[in-house]
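Here's a quick walk through one protein model, starting with a single residue and then zooming out. Have a look at the structure first.

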Amino acid sequence: MALKITVIGTGYLGATHAAAMAELGFEVLGLDVVPEKIEMLSAGRVPMYEPGLEELLRKHVAGIEGASGRLRFTQDWAEVAEFGDVHFICVNTPQKHGEYACDMSYVNSAVDSLAKHLGRPALVVGKSTVPVGSAERLAARIAELAPAGGQVELAWNPEFLREGFAVADTLHPDRIVVGVHSERAERILREVYATPVGEGSPFVVTDFPTAELVKTSANSFLATKISFINAMAEVCEAAGGDVAKLAEALGYDERIGNKFLRAGIGFGGGCLPKDIRAFMARAGELGADQALTFLREVDSINMRRRRDMVELAREAVGGDSSFLGKRVAVLGATFKPDSDDVRDSPALNVAGQIHLQGGQVTVYDPKGMENAKRLFPTLGYADSAVDAVRGADVVLHLTEWREFRELDPAALGEVAARRLVLDGRNALDPGRWRAAGWTYRAMGRPRG
Ligand code: UDX
C-alpha cells in the first residue's frame, strides 16, 4: 500500500512540500494551527506569492474541479495521527526575540501535539531548520509521549528550497539528506523520494547531527560567499576597482563558481540571517564558538552594506547631514525577486533608514507591496515604478526584479527630478542608463 503522508505547518516549506508530495502520487493531509491558512489552502489559494505553487496546489486539492483530490487540509491532530504513515514537521524556527538563538517553540509544540496521538506505527520526519542536537532530544520526547512506543520513529531530512524556486527545488532537489537511526527509517524515506532519486537526485544517509548540520553549514557557506564578494566590493571601492568584473573573473574558476557572487546590499530573508546567528549561538553552547567567529564578521559585513547604501544615497542627493526635503524612489521591497517576502529585507531596511532620516521615500515592488505596507506603514508607496520615480531626486534599485531591468531609462528620465540611479544589486545595465542621460552608481564599481 502506498504511504500516506502528513505535513505539519503549511508556510513556504510545508505548503510546497504538501503539494509536491501530492504531485509525486501520495495521499497527503496538511495541518496548520492557523484556521485562515487551512481555509485558504483548502480553497486552492496560497497565502504567499511563490511561482507555480498555486497551480500545483489546485491540481491536487480535494474539492477543486479537475483536481486529483490527493491533498486535503485539517486542524485536527488526532485525524493527522490516524491518517499518516510519514509525518513531515515543517513549522518555522524564527530567531528568538533579543537573542541569536533559534526559537524552537513551534517545533516542540508540533512534536508534542502529534506524538500524544500516535497510536500506530509511523515515521516522524523533521524538516525545519533546527540547532544541532534537536533531533536527538525530540526523538526521546516522541518515545516518551507516543502511545505506540517503539513503533514510532524520528528521522531528520533538512530542506534546501529557495524562495522563488520552491516548487522546482522540492520536486527536483539537488540532494536529499536523511539523518536516520534505523534501516526501516531509511527504507521509508527512499520510498517517499523514489521519483527524484530515480531522476538522479543524490540520496545522502547520515546520523542525526550531521543531517542537522548540513543545513546550517550550507546556509553559512552561502552567506559567507555573499559577504566575501561584498567585502571585495568595499576594497574595490577604496582602490578604484570594479567588483562586477572581479566577480566575473573569479567565477570562471570552477572551484569558486559564479553563483552567489553578486555584490550589492547583501542578504536578507527568513533564512540566511537568522540561521547563521542561531548556528553561532548553538556552537557557543557546544563549546565550539571559536569555530564560528568568522560568521560574526560575515554578519557585520552584510549589515554594513545597508548602512553604506544609505550613505551613498545621502552623498548622491547633496552630501549634507540629512535627507530633509529630498525625494527618494525605492525600486524593490522584497528580500529577493520572485517572492513577496519582506522578512529582514535589505531593500526595506534601507528605505526605512532614509525615511527615518527625513527623506520622502516612495517604494514600489511588483509583489511585495502588501507585506511591505504592513511592516512599514509610514513609508510612501506607488502603484508602479514610473509613479515611484516621478519627481524623485534619486532612484535606488534595491531588489533585482526582471521588471526593473526591463524599465526604459529614457521614459523614467522624463518623470524623475534628477537622473541619478544607485544600483544596490549590480543588476541594471550601466551602459543603457548612462546612454539615457542618467548618472549610474553602484557600490564597488567605478563612477561613470
Ligand atoms: C536560502 C538558501 O539559498 C536555501 O537553500 C535555504 O533553504 C533557505 O535560505 P532563500 O532565503 O530563498 O534561500 O534566499 P537566497 O536565494 O539564498 O538569497 C538570500 C539573499 O541573498 C537574498 O536577499 C539575495 O538577494 C541575496 N544574494 C544572493 C546576494 O546578495 N548576492 C548573491 O549573489 C546571491
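Beyond its neighbours within four places in sequence, Ile276 is in contact (heavy atoms within 4.5 Å) with Asn219, Ser220, Ala223, Phe267, Leu295, Val298 and Asp299. Ile276 sits in helix H12, which covers residues 272–285; helices here are DSSP runs of H or I with at least four residues, strands are E runs of at least two, and both are numbered from the N terminus. With 0% relative accessibility, Ile276 counts as buried, meaning under 20% relative accessible area with a 1.4 Å probe, protein chains only. Ser217 is 59 residues away from Ile276 along the chain, yet their C-alpha atoms are separated by 8.4 Å.

A word on where this comes from: the model is predicted, local features need pLDDT of at least 70, side-chain atom pairs count only at pLDDT 80 or more, and totals for chains, interfaces and linings use all residues. Residues are numbered from 1 along each chain as its sequence is written, and side-chain values use heavy atoms, with hydrogens and water left out.

Now for the whole protein:

| Feature | Value |
|---|---|
| Helices and strands | 19 helices, 14 strands |
| C-alpha box along the principal axes | roughly 70 × 55 × 40 Å |
| Buried residues | 54% of the 448 residues |

Among contacts in the protein with a separation of 6 or more, 71% are between residues 24 or more positions apart. The protein exposes about 19100 Å², and carbon and sulfur atoms supply 52% of that, using the Shrake-Rupley method with a 1.4 Å probe.

Key. Buried < 20%, exposed > 50% of the residue type's maximum accessible area, 1.4 Å probe, protein only.
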